[in-house]
Amino acid sequence: MADELELAFERTVQAEARIEPRDWMPDGYRKTLIRQIAQHAHSEIIGMQPEGNWISRAPSLRRKAILLAKVQDEAGHGLYLYSATETLGADRADLTDKLIEGRQKYSSIFNYPTLTFADVGVIGWLVDGAAICNQVPLCRTSYGPYARAMIRVCKEESFHQRQGYELLMTMMRGTQAQRDMVQDSVNRWWWPSLMMFGPPDSESSNTEQSMAWRIKRNTNDELRQKFVDMTVPQAEKLGVTLPDPLLKWNEERGHHDFGQPDWDEFWQVVKGNGVCNEQRLAHRRKAHEDGAWVREAAEAYAAKQVKEGVA
Ligand code: FAQ
């Protein structure tokens, strides 16, 4: 019986059909999905902080409204993703506890500080750009609820990327000081953006199994290459220099050659030793504690509804 179930699962995955919440799945598949989707959800929620830092200091009402909407979108992405983990039997409150106790990861990129308003544009362009590159293939991931969440997330991320690029275009048409601000921001965010795709394939512990289960559709290095190829012409059009002396078009490969990020720095950030790790978690922990009264009120209201036979 167990063999038959496993066979049916394998057949579904091989046929590029979707595994749905009530289907049988191997424990490892469920565990890997909860890990990856929860990390992704946590990244969206923690990812609100670096840009949120500029909402109160945006240079115009228009820029403030745009930024506010973008940051709210990230909250929405976190919620779709937490819902997807719940279809696998995870508990959102438990995942939040794991995040704020530092027992579950979120993307390394959000542990870097946003020093100028140009960082808002560069996050939209490079960070949302990298997120799109990574997430478009996930629209074809084998787990149905995750794939469907990704379709909506990707549409919104594309919009975010365009707003970032438009902001940078505007700054590049401005004063020399504004152009310098954009270049400085690109210099600081380029390498961390390449790290978003995860360690090199040779050091990636999960890729092989996740590819076999069709949870991941590309390796970390494949997606990093795609991102570089996509970004170089955009940088040229913008008029900024990507801070990599090894970056150049390779005619034979039909791709750009590029240098490696500082992988020691990456692992340090993942371990919690980045510039902003402590600040990000402390802020998230405080927001969670400050929101306790909302959760209590919602529970009391739900209990009252049940008592009165409404729900
Ligand atoms: N940061 O074996 P692999 C966004 C960990 S959303 C921290 O290669 P995997 C939207 C990894 O967990 C950005 N940790 O892992 C936005 C594993 O540790 P574990 C988030 C990382 O899972 C934009 C270990 O290293 N996107 O930006 C990172 O097969 C703007 C070994 O790595 C997603 O989560 C990292 N960068 O591949 C929001 C997309 N990379 O768990 C606001 C979905 C690796 O075994 C503003 N996730 N690690 O203890 C994925 O596609 C994959 O999980 C990867 C990593 C590709 C990130």
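Predicted model: local features only at pLDDT ≥ 70, side-chain atom pairs only at ≥ 80, totals over all residues.
Residues are numbered from 1 along each chain as its sequence is written, and side-chain values use heavy atoms, with hydrogens and water left out.

**Around the ligand**

There are 37 residues around the ligand, and those that come nearest are Gln 39, Lys 105, Ser 204, Lys 216 and Asn 220. Here a residue is near a molecule or strand if one of its heavy atoms lies within 4 Å of it. In Ser 204, an N or O atom of the side chain is 2.7 Å from an oxygen atom of the ligand. Met 196 takes part through its backbone, where a polar atom is 3.4 Å from a nitrogen atom of the ligand.

Which helix gives the largest share of the shell around the ligand? That is helix 2, with 6 residues. Helix 2 (27-46), helix 4 (61-86), helix 6 (118-135), helix 7 (144-172) and helix 11 (263-273) each provide at least two shell residues. Helices (H or I, at least four residues) and strands (E, at least two) are DSSP runs, numbered from the N terminus.

**Some residues to look up**

His 42 belongs to helix 2. Its C-alpha atom and that of Arg 63, 21 residues apart along the chain, are separated by 26 Å.

Arg 103 sits in the loop between helix 5 (92-100) and helix 6. Its side chain is joined to that of Glu 101 by a polar contact of 2.7 Å. A polar contact is a pair of N or O atoms within 3.5 Å; within protein, one must be able to donate a hydrogen and the other to accept it, and residues adjacent in sequence count only if both atoms are side-chain atoms.

Glu 16, in the loop between helix 1 (2-14) and helix 2, has a phi near 65°, a positive value in a residue other than glycine. Arg 214, in the loop between helix 9 (207-212) and helix 10 (220-238), is also not a glycine and has a positive phi, near 60°.

The table gives the relative accessible area of these residues. Buried means under 20%, exposed over 50%, and partly exposed in between (1.4 Å probe, protein chains only).

| Residue | Relative accessible area | Class |
|---|---|---|
| His 42 | 0% | buried |
| Arg 214 | 19% | buried |
| Glu 16 | 39% | partly exposed |
| Arg 103 | 52% | exposed |

**Cysteines**

How many disulfides does a search of the whole structure find? The count is 0, with a disulfide taken as a pair of cysteine sulfur atoms within 2.5 Å. Cys 133 is buried at a relative accessible area of 4%, and Cys 139 is buried at 17%.
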